[in-house]
Amino acid sequence: VCGVNGRFAWLVEGGAGQDVGRSCILVSIGGKNVMLDCGMHMGFNDDRRFPDFSYITRNGRLTDFLDCVIISHFHLDHCGALPYFSEMVGYDGPIYMTHPTQAICPILLEDYRKIAVDKKGEANFFTSQMIKDCMKKVVAVHLHQTVQVDDELEIKAYYAGHVLGAAMFQIKVGSESVVYTGDYNMTPDRHLGAAWIDKCRPNLLITESTYATTIRDSKRCRERDFLKKVHEAVERGGKVLIPVFALGRAQELCILLETFWERMNLKAPIYFSTGLTEKANHYYKLFITWTNQKIRKTFVQRNMFEFKHIKAFDRAFADNPGPMVVFATPGMLHAGQSLQIFRKWAGNEKNMVIMPGYCVQGTVGHKILSGQRKLEMEGRQVLEVKMQVEYMSFSAHADAKGIMQLVGQAEPENVLLVHGEAKKMEFLKQKIEQEFRVSCYMPANGETVTLPTSPSIPVGISLGLLKREMAQGLLPDAKKPRLLHGTLIMKDSNFRLVSSEQALKELGLAEHQLRFTCRVHLHDPRKEQETAMRVYSHLKSVLKEHCVQHLPDGSVTVESILIQAAAHSEDPGTKVLLVSWTYQDEELGSHLTSLLKKGLPQAAS
Amino acid sequence: MESAEDWLVESLRLYQDFHAFDLSEATRVLEWIDDKGVCVAGYESLKKNEILHLLLPLRLSVKENQGLFPERDFKVRHGGFSDTSVFDLKHVPDTRLLVTSGLPGCHLHVWQVTEDSDVIQAVSTIAVQEEEGSLWPRVAIFSSMAPGVLHGARLRGLKVVDLETQKTTYSSGVGDSEELSSLQVLDADTFAFCCASGRLGLVDIRQKWAPSENAGPGPGAAARRWCAEVGGRRRGPGPSIASLGSDGQLCLLDPRDLCHPVSSGRCPVSAPSPAPELLRVTWAPGLDDCLAISGFDGTVQVYDATSWDGTGGQVEPVFTHRGHIFLEDNQTDTAPLVTTHTWHPHKPRTLLSAASDASLHVWDWVDHRAAC
């Protein structure tokens, strides 16, 4: 968009409801088109799980239309549709994300693909090769690093907390900018800390608002609840299975249990399955680099991968008598070690399984969380689940208070809330508008919101023009606008202000002089020379700040304006004043003319 | 943070369940809206205050399969803005209306909570005659086909105003300038009042002012401030009125004889209370002879009156909630003060408590005394 009023326009395609939703937002800024996140809606099994990309452009190629794609973090509701988008719909441009996201995304995408295709036999899903091809288009970025997408568009990642590698992104074109938060949290947790952004004052802040109308129970109480459950199960001699994703909460829960075991002097063993320790080292390397970048130190640093009470698991231990706690992958109980252990322990009501995250449909995790207690396993075997099933929500999201904090940090001109239900966010909208004196929007799915902005357009002024203005003598005053005459040349997205002569020269044009002449009739029977003298005296006394001269040939000049008195051809009692000026002196010329039309004062006798 | 961690471990034994929330502003009110939600409101004097209608986490309402209701959070169901501070808030039963009172004390405000929006709208104001600087009218609601608002800052200003017509339907008609500390509607025709001096009375609004009341403040009363609460739905005879003094004295009275307390005890609190206006005593709706007090410090104390000898000596609480002290996150110099508390209407040992640091706790305490 060129011109004085820049405009934003965007399509918002968000998900409905909490926890199960998808993020995919299109922003048009300063003529650039950016896609923010490309999530999968995990509540659907058909095409509804993918965003409808035909919204973007009906017939054009996405690669031509989009300048870049940005992925905020590795959760599937933010990146799950990426391989579908890039390989099946077709996009070959750059995909930006942080280094940990780049490392972890393909793992989760592959896991998800396996569940969908191998377990549920779905067709029309992306392949392993597609995931690889998609990741080849990724450009990884560091925190607080300004990345030039092209010579006009730049992006910068900020720390978001939430999960490893999660970032909030600032997108900037010229003086216009948007900040997109993805998912973030403002209360620090044990290993990731809290999100942070500087006072970057974007035109627009797009923030997640899934938990906007929530006041979250404190982290300590959630932890207490977790400890209480584990403790109760262990006290009654039960075994506790905690299926975890290898990368993330597991470490936090381990720190918690270890602190607790120490304090309470508990003896029951805690195990970490082998698959986890391998992946944990990989995770640790990513983590150390990620958290060593310039972030606020809002959390306690310790080596979270060395535990005194937690040992490596051997599958034989699952049959040992007595209480124990085991962390095992994968997190949704859909395969592997965690499922094996689950099958062994499910039949005993003293045992417990604690699901720490969302489970995709089709997995055992999802089934037991839905209340199912008889599961059909391979070979038509039916497993009766008597063990206690618990679900702990440890995900770190910003609630109402957190959103207010972030808005206070970034100081945007406008705020946009996505992923909430408009009817239930009117109060928050008013709160934001009142507290920060900004406009707040809550578009529905598919709705477009347009925001006017007044971008500042930088114009280069030629040295010659500047010098000439300075030579006029008047000192510059910061508080008063100064009128400048020049020519604005717009060429190749470049704006220059030069003197008219220079512009004419560059354009190869000759200068035309415009001269105005005006006739003023005066009643004066005296001779022309006397009339001219009267005019001279009058103007000299009235126009004190201008240079008024009486030339030897009888004409009067005011600056460069010429006034000549002549007798009227038909009426000797009337004199005609010819007032002549160039276009440049238009203002003074008009003023002079009106002055003279009022007549001359009577001469004193 | 050591002590916080210790307390958290200790809390596993002390509480069946425990939730801690941080509101954006501290509240002095906790008013139930049916049994699923509470209203809170800010009390700052120089800025806009928020009135919030919060829904309790679902898991507090279900009995089984609590593990399948992982949500532990409050939902802000409705919110509104008040230009004045809110010191008292009452829900008009069977309606969508709320009445608030605070400083300046010349108006009561009526609000409406609607279904199709989450904004609490200001509906009207009720002018109140009091013009004193720091006094504000206490409020209680006569719920009926035509609800009436009982209000007053002093005995002489006690009135009942019809909510819809704003006409005064009852007036105390006395010249007594004693300052009121609490008002409570007991049934369609009676209400109870407690003055700051400790004077208690039960009033029948069908008659001219003739309350059954106690003789008036006892010796040394000037130094103390009192509040009281009448317990509802009691099983059998016995004291149903509790009054609490800012020196820590807790008295139980029978409504038939307000002059002679049935029993009294001295609570082990740091007396006098630093904020006597915040004193609160409540009866447990689900436990016999069980009371809770707050307003002295950052704790809420639960007492079992049947275990007292009643002669005024020191009594011990059966439970003390210290969460507001141990979980205090802000590095402020002043220790938090509990501003109000309330019992859950049907979960017998669950309470809600709020403190001056904007914390709000929901806790279910474990009775460790020998099981009976």
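User: What stands opposite Val99(B) in S8(B)?

Analyst: That residue is Val110(B). This is a predicted model, in which local features need pLDDT of at least 70, side-chain atom pairs count only at pLDDT 80 or more, and totals for chains, interfaces and linings use all residues. Residues are numbered from 1 along each chain as its sequence is written, chains are lettered from A in the order in which they are written, and side-chain values use heavy atoms, leaving out hydrogens and water.

User: Why are strand S7 and strand S8 of chain B said to pair?

Analyst: Two strands pair if DSSP finds at least two bridges between them. S7 (residues 97-101) and S8 (residues 107-113) of chain B have five bridges, in the antiparallel sense, so they count as paired. Strands here are DSSP runs (E, at least two residues), and helices are runs too (H or I, at least four), numbered from the N terminus.

User: Why is the link between Asp6(B) and Arg263(A) called a salt bridge?

Analyst: The term needs a side-chain nitrogen of Lys or Arg within 4 Å of a carboxyl oxygen of Asp or Glu. The closest N and O atoms here are 2.2 Å apart, so the pair qualifies. Across the interface of chain B and chain A, the rule finds six salt bridges.

User: How many residues of each chain are in contact?

Analyst: With contact meaning heavy atoms within 4.5 Å, 42 residues of chain B touch 38 residues of chain A.
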